[in-house]
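Subject: Structure handover

Hello,

Please find the structure below. My notes on what was found in it come after.

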Amino acid sequence: MSNSSTSKKSVLWDWLTTVDHKKIGIMYFFGGLFFFTIAGLEAMLMRIQLMFPEMSFLHEQTYNEVLTMHGTTMLFLAAMPLFFAFMNFVVPLQIGARDVAFPFINSLGFWLFLFGGLLLNLSWFTGGAPDAGWTAYAPLSTTSAGHGLDYYIMGLQVSGAGTLMSGINFLVTIVNMRAPGMSMMRMPLFTWTTFVTSMLILFAFPALTVGLLLLMMDRIFGGAFFDVAMGGNVVIYQHLFWIFGHPEVYILILPAFGIFSEVISTFAKKRLFGYSAMVFATMIIGFLGFMVWAHHMFTVGMGPIANAIFAVATMAIAVPTGIKIFNWLLTLWGGRIRFTVANLFALAFIPSFVMGGVTGVQLAMSAADYQFHDTYFVVAHFHYVIIGGSVFGIFSATFYWWPKMFGYRLSESLGRWFFWLFLIGFHLTFFVQHFLGLIGMPRRVASYLDGQGLNEMNFISSMGAFMMAFAFILLVINVFVSRKNTDDVQDPWDGRTLEWATTSPVQEYNFAQTPLVRELDAFWHEKQFGDGRMKAAEPLDDIHMPNGSILPIIITTGLTVASFGVIYSTWSIIILGLLINFGAMFVRSIKEDHGYHIPVSEIKREQGEGK
Amino acid sequence: MSHVDPSAPLEGKPSKATERKLKNEARTQIVSFVFMIFITSTAFLTVASDVIPTHFAIPFILMLAGVQVVMQLYYFMHMNAKGNGWINVMLWSGMFVAALTVAALTVIIGETKF
């Protein structure tokens with residue numbers, strides 16, 4: 001087992017057992033895309049229901065379930081995994097590493113996310129999905145009938161454990177695995193935002209875990225943490241949720257900031273303006289992310305001083321974000337801008353996100369928030385920042401890194417259609433929702449009455465949603481029809497960072513020799529002042545690689561089985577699941593596994609083929 | 001160079017400098033161990049004796065516990081060693097965030113509205 005080269009494995013077995021960060025990244029990508037599609041369909045169902053007043057397309061209960069699952073799936077199972085996909089694939093390449101610090105944990109994190117997500121979505125087939133909103137406020141969640149909320153709790157616990165593992169993994173990778181010369185202040189911005197995001201994950205997810213645990217105690221094991229009659233306090237759940245929930249929205253936006261920094265500087269052919277200011281702004285946003293959670297709870301009745309403090313802290317976040325916006329604009333200033341699809345998304349992001357930011361500052365005024373709270377104004381705001389920020393970031397990264405990930409370029413012309421349809425559809429859907437909210441349409445309600453001035457704008461909003469859905473279909477078509485574009489994939493954008501110095505598709509060991517980093521934008525520096533190739537930091541030698549393992553799936557299966565036991569309060573199933581879980585962990589602990597070596601001869605042969 | 005087994009036992013004798021370092025480390029460990037035993041017994045005596053009033057004993061024990069945790073981390077878990085900068089950063093920033101959150105929560109959850 002140790003020090004032996006692995007024999008050829010079947011494709012399926014290879015993907016199930018892989019610990020390669022690139023393959024895990026690709027699996028995260030398709031997992032995320034799968035849930036993105038499901039959550040998008042749920043959004044379409046809601047928009048059809050709201051297209052006309054008093055529609056009876058969805059039953060009220062079904063509407064509540066669709067609404068809850070749309071939010072939960074989009075945030076936990078679509079946006080975060082899609083960012084994890086790029087983080088996994090790109091960050092080790094950008095810092096010149098062969099893999100992440102803990103490849104096994106990486107694989108475990110992915111399978112936990114996938115099984116947690118499937119567990120959550122299984123609730124559709126077992127008598128009703130969760131119906132208490134993605135926040136699952138007590139006492140609505142503690143008194144919700146059926147097992148929907150139990151699926152919510154266990155599904156998020158399982159996938160949350162995976163997220164926490166991945167976060168720790170990225171932290172250790174970025175601290176320990178940088179190539180020689182890659183100091184912290186030479187790291188590409190995407191690596192920096194991944195680093196800060198991982199810190200947020202590390203500090204924020206425990207609050208969610210605790211909140212869900214208390215909820216589980218109340219629902220399944222007869223606890224009374226949120227039972228006011230027994231001396232419990234429902235507001236504590238809201239605090240716990242938002243102590244996690246607010247950093248969570250920065251977990252969703254910071255990687256997008258990193259992506260835009262890479263894309264804008266690449267396509268403006270300029271070094272990023274104000275690199276160190278960008279890094280510090282990222283850290284300040286991360287820090288302030290923990291100081292503002294109660295702005296989601298202005299109308300709970302915390303009192304004027306608490307409201308005022310959280311309002312001011314919230315407005316302070318506009319400062320580092322503004323620094324970032326101006327730095328992107330000044331990076332573009334005087335640059336030789338290429339309007340590729342990746343860059344179009346980045347350019348459209350700037351005004352769209354600023355609009356979301358402006359309504360954010362409006363919402364931060366606690367007195368005015370009493371008017372905005374629970375209306376479509378809030379819905380418009382967070383869709384502007386999440387779609388205009390995170391989703392644009394994901395699409396930008398998709399077009400930008402697709403050649404590196406899959407070895408072919410996505411069609412630019414079809415991509416432009418996709419971009420414009422999506423952009424127009426997005427603004428059509430959500431811009432009018434600001435006004436719907438201001439004239440008093442409440443959010444999370446399954447229908448509205450005729451003759452209240454809400455009809456036209458709701459119809460426009462639904463049409464925009466159809467445009468976005470159609471645009472997304474174009475993206476899927478693009479993935480299939482572009483497969484022939486296999487030329488010029490190694491460095492198609494004249495890239496600046498280390499990932500473009502590798503072959504496309506990337507070799508299993510990433511770099512035959514660990515590169516020596518001499519400047520920020522390491523690859524660009526070699527193109528300008530060197531011979532256009534990275535200098536090696538080590539002689540060509542055998543490469544030590546980790547062995548694949550099926551254990552992550554077994555560990556995850558055990559945990560999922562145990563979760564079923566908890567949902568249906570069946571001790572025998574809980575014990576069975578935990579036995580599988582800990583048994584697989586035990587095997588992992590006692591089995592010696594030193595990985596294997598790729599001999600120099602094979603590396604030389606593959607390098608020869610690469611040229 | 002390439003095929004190093006990381007779990008293989010070390011060979012050869014340690015250098016003079018290493019020996020001195022190990023000796024120093026052993027001394028620090030023993031001193032801090034004795035000190036921690038002292039702290040623990042102080043905490044025990046604070047509770048066991050009837051002389052010390054409860055309203056003093058509880059914060060006093062909590063303070064001793066804080067000192068103990070920090071000593072444990074720095075002397076026994078070697079957080080004072082070189083190359084642990086990031087561990088320090090993460091640990092203290094985590095503590096800071098947690099402390100601030102708990103402090104804010106104790107103020108804003110309750111009967112009195114601020």
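Helix 6 of chain A and helix 7 (residues 189-220) of chain A pack with their axes 8 Å apart and at an angle of about 155°. Helices here are DSSP runs of H or I with at least four residues, strands are runs of E with at least two, and both are numbered from the N terminus. Axes are lines fitted to C-alpha atoms, for helices over the stretch in contact, with angles running from 0 to 180 degrees between N-to-C directions. Helix 6 of chain A and helix 7 of chain A are therefore roughly antiparallel to each other; angles over 145 degrees get that label, those under 35 count as roughly parallel, 65 to 115 as roughly perpendicular, and the rest as oblique. Their crossing is left-handed, a term for a near helix turned anticlockwise from the far one by less than a right angle (right-handed if clockwise). The residues of this contact divide into 18 nonpolar, eight polar and two charged. In that division Ala, Val, Leu, Ile, Met, Phe, Trp, Tyr, Cys and Pro count as nonpolar, Asp, Glu, Lys and Arg as charged, and the others, Gly among them, as polar.

Before the rest, some conventions. This is a predicted model, in which local features need pLDDT of at least 70 and side-chain atom pairs count only at pLDDT 80 or more, while totals for chains, interfaces and linings use all residues. Residues are numbered from 1 along each chain as its sequence is written, and chains are lettered from A and ligands numbered from 1 in the order in which they are written.

Helix 6 (residues 148-176) of chain A also meets helix 3 (residues 60-94) of chain A, where the axes come within 12 Å and cross at roughly 20°. Helix 3 of chain A and helix 6 of chain A are therefore roughly parallel to each other, and this crossing too is left-handed. Among the residues making the contact are A:Phe76, A:Met80 and A:Phe84 of helix 3, and A:Tyr152, A:Leu156 and A:Phe170 of helix 6; contact means C-beta atoms, placed from the backbone, within 7 Å. The residues of this contact divide into eleven nonpolar, six polar and one charged.

The largest nonpolar core has 172 residues, and those with the most contacts inside it are A:Phe260 and A:Phe345. Such a core is a set of buried Ala, Val, Leu, Ile, Met, Phe, Trp, Tyr and Cys residues joined through C-beta atoms within 7 Å. Buried means 20 or more other C-beta atoms within 10 Å of the residue's own, exposed means 12 or fewer, and partly exposed is in between, with C-beta atoms placed from the backbone. Helix 8 (residues 234-267) of chain A gives the most to this core, 18 residues. Another core, of six residues, lies apart from it and includes A:Tyr63, A:Val66, A:Met69 and A:Ala129. Leaving aside neighbours within four places in sequence, A:Phe345 is in contact with A:Phe392, A:Phe395, A:Ser396 and A:Phe419.

Between the chains, 19 residues of chain A are in contact with twelve residues of chain B. Helix 8 and helix 10 (304-316) of chain A each supply at least two residues of the side of chain A that touches chain B. The largest share of that side, four residues, comes from helix 8 of chain A. Its residues divide into ten nonpolar, seven polar and two charged.

Some backbone details may be worth a look. A cis peptide bond joins A:Ala138 and A:Pro139, with omega about 5°; A:Pro139 is in the loop between helix 4 (103-122) and helix 5 (140-143) of chain A. A cis peptide bond also joins A:Ser504 and A:Pro505, with omega about -10°. A:Pro505 is in the loop between helix 16 (455-481) and strand 1 (515-516) of chain A, and A:Asp488 is found in the loop between helix 16 and strand 1 of chain A as well. Although not a glycine, A:Asp488 has a positive phi of about 50°; with 11 C-beta neighbours inside 10 Å, A:Asp488 counts as exposed. A:Asp521 has a positive phi of about 55° and is not a glycine either, but A:Asp521 is buried, with 23 other C-beta atoms within 10 Å.

Regards

Notes
Contact = placed C-beta atoms within 7 Å.
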